[in-house]
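Here are some exercises to work through with the model open beside you. Try each task before reading its solution.

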Amino acid sequence: MRLGGRSLTQPRAQPCAHAGRSAAGPAAMAPAALTAALLGGGLLLAAWRWLRAAARRGAGAGASMRGKTVIITGANSGLGRAAATELLRMKARVIMGCRDRARAERAAREIRAELGEREAAEGGGELVVRELDLASLRSVRAFCHRVLQEEPRLDVLINNAGIFQCPYMKTEDGFEMQFGVNHLGHFLLTNLLLGLLKNSAPSRIVVVSSKLYKYGEINFEDLNSDISYNKSFCYSRSKLANILFARELARRLEGTGVTVNSLHPGIVRTNLGRHVNIPLLAKPLFNLVSWAFFKTPLEGAQTSIYLASSPDVEGVSGKYFGDCKEEELLPKAMDDLVARKLWDISEVMVGLLK
């Protein structure tokens with residue numbers, strides 16, 4: 001049947017243009033929606049990062065280190081460099097103890113340029129480079145000998161340098177590399193400088209550890225990993241040793257005016273993980289995640305700066321910090337018997353006792 005030239009049983013034809021818009025609409029909107037979502041997410045992430053950085057900045061804000069001498073190990077990159085820059089900004093005399101002198105001199109020039117020669121020098125701020133290889137007890141002794149000859153005082157020692165999950169290697173003296181550098185090298189360094197620190201009291205020792213201490217165990221039967229080696233476990237063990245060392249040292253220094261505290265910096269974007277292999281295809285994602293969620297070196301260094309300079313921790317000793325706040329430790333990091341035994345064995349290993 002037809003009415004007005006149109007069959008009642010035939011469906012009304014849809015305009016081609018309208019049909020085309022209906023079909024293409026969602027497809028056309030998808031890229032725009034994705035772009036908007038990515039842009040919005042990026043803005044939110046950037047805002048979150050800014051707020052996070054703002055909350056962490058200024059650990060030493062307002063503090064002055066004028067007239068104070070600070071030693072920082074591993075100060076040519078990462079956390080150490082960030083701490084050196086900020087303490088120099090606070091007018092400290094900063095001694096950079098670094099294995100590679102050329103790299104350290106280059107870093108020092110860049111730090112001075114960043115601050116400006118006038119700002120760096122005004123009021124006594126000074127940056128000094130000294131060679132120090134923590135994988136060599138001979139180098140540690142030479143560094144300390146020079147410090148004791150040249151420096152009338154030492155107000156802060158920051159044991160910052162470290163090596164992370166490296167293949168099995170040994171130090172010059174035959175120690176497993178991570179335990180040798182992260183613990184034994186700093187153990188000898190600190191002990192050789194204790195007299196100067198005591199004479200300069202009130203003074204401070206800051207020990208950079210890691211949250212990964214939780215996965216470590218002190219195995220006195222194989223401290224040097226001669227029987228077995230796992231790079232992750234050995235790193236965690238060296239960081240647990242750092243905390244036990246700081247705890248026992250704090251006990252021994254009671255009443256001297258020298259305080260010692262340990263800390264974890266959090267997850268930080270530094271070259272410490274250069275021995276960690278990341279699949280090529282996963283690197284873009286890893287880089288994005290690290291940018292979004294890892295701390296910058298300056299953010300990671302805030303707790304070191306805080307413990308080195310803040311009046312809030314004057315007289316505080318034997319504690320463990322993260323994000324400039326005291327944190328609880330697992331029982332194995334508070335075992336005084338293990339701490340004392342580790343101290344006694346370390347003294348023999350580095351030659352302080354025969």
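**Exercise 1: a helical cluster**

Arg251 and Glu248 are three residues apart in helix α7, so about one helical turn separates them; helices here are DSSP runs of H or I with at least four residues, strands are runs of E with at least two, and both are numbered from the N terminus. This is a predicted model, in which local features need pLDDT of at least 70, side-chain atom pairs count only at pLDDT 80 or more, and totals for chains, interfaces and linings use all residues. Residues are numbered from 1 along each chain as its sequence is written, and side-chain values use heavy atoms, leaving out hydrogens and water.

Task: find which residues join Glu248 in one salt-bridge network.

Solution. 
1. Apply the rule: a side-chain nitrogen of Lys or Arg within 4 Å of a carboxyl oxygen of Asp or Glu.
2. Shared partners then link Glu248, Arg251, Arg252, Arg340 and Asp344 into one network.

**Exercise 2: burial**

Task: decide whether Glu248 is buried or exposed.

Solution. 
1. Buried means under 20% relative accessible area, exposed over 50%, and partly exposed in between (1.4 Å probe, protein chains only).
2. Glu248 has 2% relative accessibility, so Glu248 is buried.
3. Arg251, at 36%, is partly exposed, and Arg252 is partly exposed at 37%.
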